[in-house]
Structures are given as C-alpha cells and as structure tokens.
Amino acid sequence: MQMNAEANIAYHLLQVAQKKFAATPATLNADQRRQATRIALKKMQIESAVLGSAEAAGVVVADSRIDDALTSIREQYEAAEDLASALQDAGLDEELLRIALARELQVEQVLDKVSATVAPV
C-alpha cells in the first residue's frame with residue numbers, strides 16, 4: 001500500500017496537533033488548525049525533498065525500527081481502541097501509520113547519512 005498525499009498530510013497534521021497542542025486535529029481551534037496545517041505542509045515538503053534526493057537512494061529502514069516506533073506510539077495511548085479511534089478520526093489506519101513511520105525514519109536515516117559526511121564545526 002502506498003501513502004497518498006491526503007494520508008500523508010493527515011499523518012503530519014495528527015503529529016503536529018499532538019506535539020504542539022496536545023490535541024487531535026478535530027479538537028484544534030481555527031488558529032491552531034492553520035498553524036498545524038502550515039507546519040504539516042512544510043514537514044511534507046522537507047520529507048519529499050529528502051526522500052527525492054540522490055542521498056536517499058538505497059536507504060532502507062529495518063522493519064524492527066518501524067515496529068519500535070509503532071510500539072512507542074501505542075504506549076502513548078491507554079488502550080488500543082484509543083489509538084484506533086485517533087487514527088480513524090485523522091483518516092488513517094495502522095497500515096498507513098506504518099508507512100508514514102517508515103517514511104519518517106527513512107528521512108532520519110538520510111539526514112544522518114548526509115550529516116556524517118559533514119566536518120564538525
């Protein structure tokens with residue numbers, strides 16, 4: 001399954017709403033929603049640029065890293081149903097979440113790869 005742009009923005013919006021406002025996208029007020037959307041769109045642009053770079057070629061995220069990230073997210077919820085509800089409210093499911101996490105982890109690995117070649121300042 002591929003992640004379409006709508007699911008990608010939904011993931012980033014959910015992430016920003018939780019981290020910046022300790023809320024879900026559905027509970028944001030209009031100003032918070034504008035801020036979260038702006039940040040989510042910027043994150044998507046950066047993600048696309050990094051993953052489209054030559055440095056991203058051949059960078060593969062181990063399934064165990066995705067599993068660890070998913071476990072970390074599950075631990076933030078009291079019950080599995082709470083996570084499922086949050087994902088559903090955002091227009092996501094666990095499979096799309098795994099894809100989004102894989103993309104995010106791949107971006108991190110590419111950035112680590114690039115930064116390893118830069119001399120310390």
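# Reading helix packing and a pocket

Q: Where do I start? Which residues of H1 meet which residues of H2?

A: Start with the side chains that touch. On the H1 side you'll find Ala5, Asn8, Ile9, His12, Leu13, Gln15, Val16, Lys20 and Phe21, and they meet Gln32, Arg33, Gln35, Ala36, Thr37, Ile39, Ala40, Leu41, Lys43, Met44 and Glu47 of H2. Sort this contact of H1 with H2 by class and you get 10 nonpolar, six polar and four charged residues. Keep in mind that you're looking at a predicted model.

Q: How many helices and strands does the protein have?

A: Five helices and zero strands. Walk along the sequence and the pattern reads α-α-α-α-α. For a sense of scale, the C-alpha atoms fill a box of roughly 45 × 30 × 30 Å along the principal axes.

Q: What do I need to describe two packed helices?

A: The angle between their axes, plus the distance between those axes. As for handedness, H1 passes H2 in a right-handed crossing.

Q: At what angle do H2 and H5 pack?

A: About 60°, with the axes 10 Å apart. H2 and H5 are therefore oblique to each other. Here the crossing of H2 past H5 is left-handed. The touching residues are Glu47, Ser48, Val50 and Leu51 from H2, which meet Arg103, Glu104, Gln106, Val107, Val110 and Leu111 from H5. By class, that contact splits into five nonpolar, two polar and three charged residues.

Q: And is the crossing of H3 past H5 left-handed or right-handed?

A: Right-handed. The axes of H3 and H5 come within 9 Å, crossing at roughly 115°. H3 brings Asp63, Arg65, Ile66, Asp67, Ala69, Leu70, Ile73 and Arg74 to the contact, while H5 brings Glu94, Leu97, Arg98, Leu101, Ala102, Leu105, Glu108 and Gln109. Count the classes in this contact of H3 with H5 and you have eight nonpolar, one polar and seven charged residues.

Q: Okay, on to pockets. How many residues line the largest pocket, and which lie nearest its centre?

A: With a pocket, look at the space inside, then at the residues around it. The largest pocket holds about 330 Å³ of space. Its lining has 17 residues, and Tyr11, Gln15, Lys19, Ile73 and Gln76 lie nearest the centre. You've already met two of those names: Gln15 is in the contact of H1 with H2, and Ile73 is in the contact of H3 with H5.

Q: Which helices each supply at least two residues of that lining?

A: H1 (5-21), H3 (63-74), H4 (80-90) and H5 (94-115).

Q: What classes do the residues of the lining divide into?

A: Use the class sorting again. The lining of the largest pocket has 10 nonpolar residues, four polar ones and three charged ones.

Technical notes. Residues are numbered from 1 along each chain as its sequence is written. This is a predicted model: local features need pLDDT of at least 70, side-chain atom pairs count only at pLDDT 80 or more; totals for chains, interfaces and linings use all residues. Side-chain values use heavy atoms; hydrogens and water are left out. On a 1 Å grid over the protein atoms alone, a cavity is a set of points where a 1.4 Å probe fits but cannot get out, and a pocket is an open set with protein on both sides within 12 Å along at least five of seven lines; lining residues have an atom within 4 Å of a point. Grid points are joined across faces, edges and corners, and a volume is the space filled by probe spheres set on the points. Helices (H or I, at least four residues) and strands (E, at least two) are DSSP runs, numbered from the N terminus. Ala, Val, Leu, Ile, Met, Phe, Trp, Tyr, Cys and Pro count as nonpolar, Asp, Glu, Lys and Arg as charged, and the others, Gly among them, as polar. Axes are lines fitted to C-alpha atoms, for helices over the stretch in contact, and angles run from 0 to 180 degrees between N-to-C directions. A crossing is left-handed if the near helix is turned anticlockwise from the far one by less than a right angle, and right-handed if clockwise. Contact means heavy atoms within 4.5 Å. Angles under 35 degrees count as roughly parallel, over 145 as roughly antiparallel, 65 to 115 as roughly perpendicular and the rest as oblique.
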